[in-house]
Amino acid sequence: MNTEISHKFRESALRAIEIERDAIHALTERIDDQFVRACEVIMACRGRVVVTGMGKSGHIGNKIAATLASTGTPAFFVHPGEASHGDLGMITSQDVVLGISNSGNTSEVLTILPLIKRMGAPLISMTGNHNSTLAREAVANLDVSVALEACPLGLAPTSSTTATLVMGDALAVALLEARGFSSEDFALSHPGGTLGRRLLLRVSEIMHTGDRIPRVEDTTTLSGALLEISRKGLGMTTVVNTAGDLVGVFTDGDLRRTLDRSVDIHNTPIAEVMTRNGRVIHADQLAAEALNMMEELKINALPVIDRDGKLTGAINMHDLLRAGVI
């Protein structure tokens with residue numbers, strides 16, 4: 001391809017990214033009292049957030065509704081044109097309406113505005129014009145105006161739709177944190193596929209139990225512990241006392257450090273070389289939490305205990321891999 005044309009492609013793309021980056025940065029000044037008011041209205045809502053918008057604003061509105069719904073704020077999208085032909089019945093006085101329009105004067109949205117007002121559903125707007133009809137009629141207006149579109153003609157919605165999308169994400173995240181929405185809550189609305197496996201699978205479902213747990217007593221010699229590690233194949237063994245309580249672990253890493261000290265493996269009790277007070281995980285925790293812990297600590301296996309501190313299992317990175325958590 002012609003070098004000059006290739007250069008123009010790159011130049012145009014970089015200019016578009018720079019313009020949209022600046023549009024996003026400008027939003028930091030718009031997280032103001034109006035934004036706080038919008039969050040308060042939604043938090044007080046006993047129904048759902050009904051998002052509406054026309055054209056490109058509608059496409060962005062669909063995504064914002066989906067993000068809200070998946071992060072603890074029940075929401076759905078209603079096309080303003082369809083709302084005028086029956087779908088307005090999907091909105092109740094218990095709902096909050098989030099109207100999106102760059103101009104703030106989109107006719108299809110303004111047509112249903114009096115009906116929304118009549119039923120008493122609070123209106124929040126996202127507009128690029130704070131003097132527009134939609135902005136004036138809203139209990140809170142989120143300013144998503146941009147200095148210019150990335151489109152060199154200034155016609156195709158580019159920077160404006162990006163700014164609107166980011167403002168929607170900011171709203172969803174603020175509400176998520178205010179609600180104390182957890183990873184387990186998130187999992188309930190994402191049960192399928194890899195994401196579902198990562199978020200719903202418990203350690204108890206994939207851990208090694210019973211005779212498959214690598215386990216030796218603290219009086220066992222180092223050589224005996226090495227045999228247990230070899231038999232169970234998890235790259236570690238747990239160490240318990242006579243009461244069955246977990247008192248330590250011995251891993252491949254511990255072995256390397258022990259051999260550097262020229263320890264007699266046949267006469268040294270494992271209690272002298274094991275790691276005490278090592279990290280453990282509970283059987284009812286998410287498998288994704290086990291993965292995060294292993295990655296953070298740079299280890300490959302974890303003992304599993306119950307809420308009474310008793311050893312109930314063991315899990316390693318291969319178990320997480322087979323379960324599709326990684």
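Is Cys 39 buried or exposed? Cys 39 is buried, at a relative accessible area of 13%, where buried means under 20%, exposed over 50% and partly exposed in between, using a 1.4 Å probe and protein chains only. Please keep in mind that this is a predicted model, in which local features need pLDDT of at least 70 and side-chain atom pairs count only at pLDDT 80 or more, while totals for chains, interfaces and linings use all residues. Residues are numbered from 1 along each chain as its sequence is written, and side-chain values use heavy atoms, with hydrogens and water left out.

**Domains**

- The protein is split into domain 1 (1-181) and domain 2 (203-323), with bounds that come from an automatic or database domain assignment.
- Between the C-alpha centres of domain 1 and domain 2 there are 51 Å.
- An unreviewed UniProt entry places the annotation "domain: SIS" on residues 38-181; UniProt positions follow the numbering used here, feature names are shortened, and annotations may be inferred rather than shown by experiment.
- Residues 38-181 are 44% helix and 16% strand, with end C-alpha atoms 18 Å apart; helices (H or I, at least four residues) and strands (E, at least two) are DSSP runs, numbered from the N terminus.

**The five-stranded sheet**

- Here 5 strands form an open sheet in the order β2-β1-β3-β4-β5, with parallel pairing; two strands pair if DSSP finds at least two bridges between them.
- The edges are taken by β2 (75-77) and β5 (140-143), each with a single partner strand, so one side of each has no neighbour in the sheet.
- From one strand to the next, the twist averages 20 degrees; axes are lines fitted to C-alpha atoms, for helices over the stretch in contact, and angles run from 0 to 180 degrees between N-to-C directions.
- Strand β3 (residues 96-101) runs parallel to strand β4 (residues 123-127), and 5 bridges join them.
- Leu 98 has Ile 124 in β4 opposite it.
- Helix α2 (residues 33-43) lies across β1 (49-53), β3, β4 and β5, at about 130 degrees to β5.
- Helix α7 (residues 159-179) lies across β3, β4 and β5, and runs at about 140 degrees to β4.

**Cysteines and Ser 57**

- There are 0 disulfides in the structure, a disulfide being a pair of cysteine sulfur atoms within 2.5 Å.
- For Cys 39, which is in no disulfide, the nearest cysteine sulfur belongs to Cys 45 and is 13 Å away.
- Cys 151 is buried, with a relative accessible area of 14%.
- Ser 57 belongs to helix α3 (residues 56-70) and is buried, at a relative accessible area of 15%.
- Apart from neighbours within four places in sequence, Ser 57 is in contact (heavy atoms within 4.5 Å) with Ile 100, Ser 101 and Asn 102.

- Another open sheet has 3 strands in the order β9-β10-β11, with mixed pairing.
- Its edge strands are β9 (281-282) and β11 (311-316), each with a single partner strand, so one side of each is left without a neighbour in the sheet.
- Strands β9 and β10 (residues 301-305) run parallel and are joined by 2 bridges, and His 282 stands opposite Ile 305 in β10.
- Helix α13 (residues 287-297) packs on this sheet, where it touches β9, β10 and β11, and its direction makes about 135 degrees with that of β10.
- Within α13, the buried residues are Ala 287, Ala 288, Ala 290, Leu 291, Met 293 and Met 294.
- Just after α13, Lys 298 has a positive phi of about 60 degrees.
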